[in-house]
Amino acid sequence: MAALMGVMKRVSTIFRSKANKALDKMEDPRETLDYSYQTQLELLQKVRRGVADVATSRKRVELQMNQVQQSSDKLDRQARDALAAGREDLAREALSRKASVQSQLTDLSTQYASLQGEEEKLTAASQRLQAKVDAFRVRKETIKATYTAAEATTRINEVFTGISEEMSDVGLAIQRAEDKTEQMKARAGAIDELMASGALSDALGGAPHDDIQAELDRMGGGHSVDLELERMKAELAGGSAPKQIAGSAGPANGGQQAGTSFPAEQPRTEEVQ
Amino acid sequence: MIIRIMGEGQLQLDEKAVEELNLLDSKLEAAVEGSDEAAFGLALQALLDRARALGTALPPDAIEPSGLILPREGATIAEVRELLSDGGLIPG
């Protein structure tokens, strides 16, 4: 049958025959109306739950986007700190992690937009269905009050086929939205795991193994010990070192100061860094 | 004639508009037969654009069967094949 009929017509024919099959099962076509109305109410519930699920999923992605953004900001700060301390290797590592965090962010933005689109479509579908279900309830009562079973058949056929088509459409939209939220849950779970493992370091301070920060902290500690040692040495030596290096001995030179001698009064300002 | 764009709702079209859509639909059908996803995407978009331009939206509380049903925007060939094989439809 296919070739000359066209896609649009074939889909419409299939929807119709589906509705007709359901109609044929009923002894009294008027019963079909009550039965269909129940199914419509169930579908309305389902589409509303669908909207809520998509919204929840969207909010979760939004939350993750914030976390990932904070993570990216933190890695950026760490790269600067590392560079200031003369550790280009560490800065490079931080920036390469930032790049991978940024690609997560791009990915999440795409997911967010897609969920938002799905939410809008499903909300509109829910409103359309609500309007039709309300109209159906009124028409159902009119038909039952006005016509005998035999007379009602044609009218019922029309309204039933119409509402069935809408329900099929909404049903498919719900299914699609469900598939999408399922995929999204899986992705969100994967990102949460990455965060927990520290691969995406959690800027909220909860990351268990932030090795870049650990290294920066360790360097900071080592630095002040070195400075302390230098200060003591200088004190013991009588404090006669020249003053001109004082200002240049900033944190940028890090722990490489070991051999330099400081004037006695200078290191105090260094320690506050 | 009343047509439905899946996921969007129903539109009222005159016969001339329907003829135009049928021409576009034959391209869509050829793409499905030839499993040509790129051509399918283009044909579907063209079909939907024309349908939206030519049609007038039915009121939301209308309960009418459609003479023609167009796949949703962004649908794939696989999705259309499933529609045509009667899969996934909810009986009323």
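Good morning, colleagues. Please keep in mind throughout that this is a predicted model.

I shall begin with the interface. The size of an interface is often given as the accessible area lost when the parts come together. Here, chain A and chain B bury about 3600 Å² between them, and carbon and sulfur atoms account for 59% of it. In terms of residues, 38 from chain A are in contact with 38 from chain B. The polar side of the interface comprises 18 residue pairs in polar contact, both residues being at pLDDT 80 or more.

Which elements of chain A supply this surface? Those giving two or more residues to the side that touches chain B are α1 (7-24), α2 (29-84), α3 (88-146) and α4 (149-197) of chain A. Of these, α4(A) gives the most, with 15 residues. Sorted by class, the side of chain A that touches chain B holds 16 nonpolar, nine polar and 13 charged residues.

Is A:T161 buried or exposed? A:T161 counts as buried, because its relative accessibility is 6%, below the 20% cut-off. Its side chain reaches the backbone oxygen of A:N157 at 2.5 Å. Leaving aside residues up to four places away in sequence, A:T161 touches A:R16, A:A19, A:N20 and A:I156 in chain A, and B:P65 in chain B.

I turn now to the charged pairs. Side chains of opposite charge can pair when their charged atoms come close. Over all chains, a search of the whole structure finds 28 salt bridges. Between chain A and chain B, the count is four.

One of the bridges across the two chains joins A:D169 and B:R4, at 3.1 Å from N to O. B:R4 lies in strand β1 (residues 2-5) of chain B and A:D169 in helix α4 of chain A, so this pair joins two chains. How accessible are the two partners? B:R4 is buried, with a relative accessible area of 0%, and A:D169 also counts as buried, at 5% relative accessibility.

A further bridge lies within chain A. The side chains of A:E166 and A:R128 meet at 3.8 Å, N to O. Because A:E166 belongs to helix α4 of chain A and A:R128 to helix α3 of chain A, the pair ties together parts that are 38 residues apart in sequence. A:E166 is buried at a relative accessible area of 1%, and A:R128 is buried at 15%.

These two bridges belong to one arrangement: A:R128, A:E165, A:E166, A:D169 and B:R4 are linked in a network of salt bridges.

A:E88 forms a salt bridge with A:R92, and the closest N and O atoms are 3.4 Å apart. Why are A:E88 and A:R92 separated by about one helical turn? They are four residues apart in helix α3 of chain A, which means a separation of about one helical turn. A:R92 counts as exposed, because its relative accessibility is 57%, over the 50% cut-off.

To close, I would draw attention again to helix α4 of chain A, which gives the most residues to the side of chain A that touches chain B and which contains A:D169, the partner of B:R4. Thank you.

Methods: Residues numbered from 1 in each chain as written. Chains lettered and ligands numbered in written order. Predicted model: local features only at pLDDT ≥ 70, side-chain atom pairs only at ≥ 80, totals over all residues. Heavy atoms only, no water. Contact = heavy atoms within 4.5 Å. Buried area = accessible area lost by both parts, 1.4 Å probe. Polar contact = N/O pair within 3.5 Å; in protein donor to acceptor, adjacent residues only side chain to side chain. Nonpolar A, V, L, I, M, F, W, Y, C, P; charged D, E, K, R; others polar. Buried < 20%, exposed > 50% of the residue type's maximum accessible area, 1.4 Å probe, protein only.
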